[in-house]
Amino acid sequence: MDRSTDSTNRENDEQMNRIAEYEELIDAIKNGVCEEYGCDLGSMSAKSGRKKAYVEPRHIAIHLCRKHLDASYKDLAEKFGMSDHTSAMHAHNTISWLSERDKRISRIIVKIESSLLHQLSCHKKVVYYTCFDGKTCHGIYKDKESVVLQPTGTVVPIVVCDDGKTTTK
């Protein structure tokens with residue numbers, strides 16, 4: 001196998017891993033919303049109807065997918081069984097508008113986001129990095145290269161373990 005084929009295979013594997021992780025995160029958001037609303041995954045599909053009991057959780061899930069995953073409207077419409085991208089756009093824009101004006105919707109979104117953070121960290125070990133100078137942590141960064149070093153600080157990894165507890169290596 002030549003180097004270009006090996007490189008192409010590696011890139012394809014990386015892309016497949018990103019797609020699988022993306023799908024997993026959409027499912028986690030759907031499950032988190034269903035848990036909060038006490039509904040089943042079937043109600044996340046537009047085919048389940050236009051009743052408020054189905055529409056609101058579906059719209060919130062779409063809003064969260066757009067907000068946290070930067071998912072395209074076309075992709076969201078497909079994932080939620082909608083006729084076209086404008087339905088997903090309407091869902092996202094409606095919840096964005098409501099979350100600024102309706103405390104109930106805002107609280108629901110914050111509660112779902114909090115539970116998702118815990119839920120996702122319980123299934124995976126997530127590593128963040130900080131600069132620690134012996135007394136204080138200076139920022140939290142997703143990758144080691146982004147850490148802004150302080151004069152007397154060192155880069156320290158922070159690990160969110162399977163049980164949700166945070167430790168350092």
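**The salt bridges in context**

Tutor: The chain has 5 helices and 4 strands, where helices (H or I, at least four residues) and strands (E, at least two) are DSSP runs numbered from the N terminus. Along the sequence these elements follow the order α-α-α-α-α-β-β-β-β. The model is predicted, so local features need pLDDT of at least 70 and side-chain atom pairs count only at pLDDT 80 or more, while totals for chains, interfaces and linings use all residues. Residues are numbered from 1 along each chain as its sequence is written, and side-chain values use heavy atoms, with hydrogens and water left out.

Of the 169 residues in the chain, 31% are buried; buried means under 20% relative accessible area, exposed over 50%, and partly exposed in between (1.4 Å probe, protein chains only). The accessible surface of the chain, about 11,000 Å², belongs to carbon and sulfur atoms for 52% of its extent; such areas come from the Shrake-Rupley method with a 1.4 Å probe, and for residues only the protein chains shown count as cover. Among contacts (heavy atoms within 4.5 Å) with a separation of 6 or more, 51% are between residues 24 or more positions apart.

A salt bridge is defined as a side-chain nitrogen of Lys or Arg within 4 Å of a carboxyl oxygen of Asp or Glu. By this rule the chain has 6 salt bridges. One of them pairs Lys111 with Glu36, at 3.5 Å from N to O. This pair links distant parts of the chain, 75 residues apart: Lys111 belongs to helix α5 (residues 103–123) and Glu36 to helix α1 (residues 3–37). Lys111 has a relative accessible area of 49% and is therefore partly exposed. Glu36 is likewise classed as partly exposed, because its relative accessibility is 29%.

Helix α5 also supplies Glu113, and helix α2 (residues 52–69) supplies Lys67, a pair that links distant parts of the chain 46 residues apart. The closest N and O atoms of the Glu113 and Lys67 salt bridge are 2.8 Å apart. Lys67 is partly exposed, because its relative accessibility is 46%.

A further salt bridge joins Arg101 and Glu100, with the closest N and O atoms 3.4 Å apart. Glu100 has a relative accessible area of 64% and so counts as exposed.
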